[in-house]
Amino acid sequence: MDLKEVTPLVIYDNECYLCVQFAKFVNFLAKGRLHFVGHYTDFGKQIRESVLDSNALEMFWFIDSNTAYGGRAALGPLFSTILNAGGKKIQKNTIQDSYELGCKSTKAVFFRSASLLTHSKRINLRNL
């Protein structure tokens, strides 16, 4: 599947309880207008290898037609797209998960929240 066909796209850690809950919340806000892909799915691995860099697993990503935004840098474009997107529903999204109980702890909440604020990346996709 071509990346341009599935944008706008959110890539999240489908093995983390908190990340799955975040993806479900964003999906609720977006009302089905975004595609969601787990980091550890086949398509997620393909995107990491072809588009993203070595620290791709450290954050969630939002990809539009021109840029891949990771972590803190993704928050603005993600919510802007949600607010400005038309009423066209892409599909019924199923948020994939395979998380373990260790990801539900208070320590995990703190770690993931801090990770979101400290990690930020932009990758220009026009040259790919």
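This is a predicted model: local features need pLDDT of at least 70, side-chain atom pairs count only at pLDDT 80 or more; totals for chains, interfaces and linings use all residues.
Visitor: Why is T67 called buried?
Guide: Buried means under 20% relative accessible area, exposed over 50%, and partly exposed in between (1.4 Å probe, protein chains only). T67 has 13% relative accessibility, so T67 counts as buried.

Visitor: What makes G71 buried?
Guide: Its relative accessibility is 0%, and therefore G71 counts as buried.

Visitor: Where are T67 and G71 placed?
Guide: T67 is in strand β4, residues 67-71, and G71 is in strand β4 too. Strands (E, at least two residues) and helices (H or I, at least four) are DSSP runs, numbered from the N terminus.

Visitor: Which residues does T67 contact, leaving aside neighbours within four places in sequence?
Guide: T67 is in contact with F62, I123 and L125 on that count; contact means heavy atoms within 4.5 Å.

Visitor: How do you know that the buried residues of α2 line one face?
Guide: In helix α2 (residues 42-50), F43, G44, I47 and R48 are buried. Seen down the axis of α2, the buried residues fall within an arc of 140°, so they line one face of the helix. The arc is that of the directions from the helix axis to the C-beta atoms. D42 and E49, on the other side of α2, are exposed.

Notes: Residues are numbered from 1 along each chain as its sequence is written. Side-chain values use heavy atoms; hydrogens and water are left out.
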